[in-house]
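Please read them with the structure open.

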Amino acid sequence: MQFIRVQFYFVALLFVSILQAQSKKYTIHTVAFYNFENLFDTINDPTTHDDEWTPDGAQHWTKEKYEQKLKNLSRVLSEIGTPENPNAPTLIGGSEIENRGVLEDLVKEPKLQKLDYGIIHFDSPDKRGIDVALLYQKKYFKPTSYSNIPLYLYKNNAIVKEEKKEEIDDDLEIKTENKNRIFTRDQLLITGFLEDEEIHIIVNHWPSRSGGEKKSSPFREAAGNLNRRIIDSLQRINPNAKVITMGDLNDGPFNRTVKVALGAKAKKSEVPEFGVFNPFEEMANKGMGTIAFRDSWDIFDQIIITESLIQPDFSSFKYWKAGIFNKPFLVQTSGQYKGYPLRHSLTEVGFSDHFPVYIYLIKEKQL
């Protein structure tokens, strides 16, 4: 009889626990990053190397192709993170963007227009004229400040200085340093409120592997060091600062740029106070990828978050899980590059040579 009573209490307790778990509801937001791969308009800009992406250029980049590219990208952006979150991403970091105009065209696409995306963009000194930017749903995110932080790189000396732009005498720099400077993308820092919580976002496109991975690694390590210093400065102001750094890093989760310069950890349990967590390292361990080269996959596109976003208390927005958006319509189905991301060719307007990545932030709703 006593056993039956104890068993009844256990079943009742279990039932109550299940009911409580089922009664919990969460607010969810998707945060995404996508390398748009050569999102150029058709107009020749005499100040950049964009000649290839004009009607008379090597890509025969016509108005019709440009409009198809916008349509393709809008489809991807509207679907990232579904079905777990039926709403399109609240925050979208992007790279390989020619100018603000192409973003204005993009957010006017029918699949995105109703979402009312705002745009944060600065022109970078990159010689091809490609930049990074952030799109945000105005309904959920309110930016309070944003700035572009330049990365100063020089030939034969990977990093001489990393200073705020306003501290540089531009005229002096042009006269004495342009011959040795390697121009690359700025790092875009945005601070704002996701609903009622302050969030910091850094959007990156680190230096390429031009000249070889090993030779060019110091430049990306410099980018990682700059990124780490930005995070440190935010944490000095607020030790609990929630920082999301995302981008095409041109390196995978195992490279020194990410593991040492940025200090990213693969396991939550290994992340120290003020450290950063990289959920994409585990995916790389499983052979997943966002970009392929010679049948070898790597994850150049990553979203890395501070320790403040992986704490187990969901009374405020915290990280839930991450993913690579690689739906079948984004994959090449035939030919030499079967299985690769479906990119643009002379005969077909594709999507990108990268797959997008995303994370979910969730917060328990107060009943």
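1. Contact here means heavy atoms within 4.5 Å. Among contacts in the chain between residues at least 6 apart in sequence, 72% link residues at least 24 apart.

2. On the basis of the model: it is predicted, so local features need pLDDT of at least 70 and side-chain atom pairs count only at pLDDT 80 or more, while totals for chains, interfaces and linings use all residues. Numbering runs from 1 along each chain as its sequence is written, and side-chain values use heavy atoms, with hydrogens and water left out.

3. The chain holds eight helices and 17 strands; these are DSSP runs numbered from the N terminus, helices being H or I of at least four residues and strands E of at least two. Of the 367 residues, 52% are buried, where buried means under 20% relative accessible area (1.4 Å probe, protein chains only).

4. Helix α3 spans residues 100-107, and its buried residues are Val 102, Leu 103, Leu 106 and Val 107. Seen down the axis of α3, these fall within an arc of 130°, so they line one face of the helix; the arc is that of the directions from the helix axis to the C-beta atoms. An α-helix has 3.6 residues a turn, so residues three or four places apart point the same way. The cover over the buried residues of α3 includes β1 (26-39), α2 (63-79) and β4 (131-137). At the N-terminal end, Asn 99 caps α3, with a side-chain oxygen 3.1 Å from the backbone nitrogen of Gly 101.

5. Strand β16 (residues 318-324) is mostly covered, with five of its seven residues buried. β16 pairs with β17 (residues 357-364) in the antiparallel sense over five bridges; two strands pair if DSSP finds at least two bridges between them. Ala 322 has Ile 359 of β17 as its bridge partner.

6. Is Glu 281 buried or exposed? Glu 281 sits in helix α8 (residues 280-285) and counts as buried because its relative accessibility is 8%. Leaving aside neighbours within four places in sequence, Glu 281 is in contact with Pro 253, Phe 254, Lys 259, Lys 265 and Ala 266.

7. Which elements supply at least two residues each to the lining of the largest pocket? They include β1, β7 (181-182), α6 (213-237), β13 (291-293) and β14 (296-298).

Definitions and conventions. Buried means under 20% relative accessible area, exposed over 50%, partly exposed in between (1.4 Å probe, protein chains only). A polar contact is a pair of N or O atoms within 3.5 Å; within protein, one must be able to donate a hydrogen and the other to accept it, and residues adjacent in sequence count only if both atoms are side-chain atoms.
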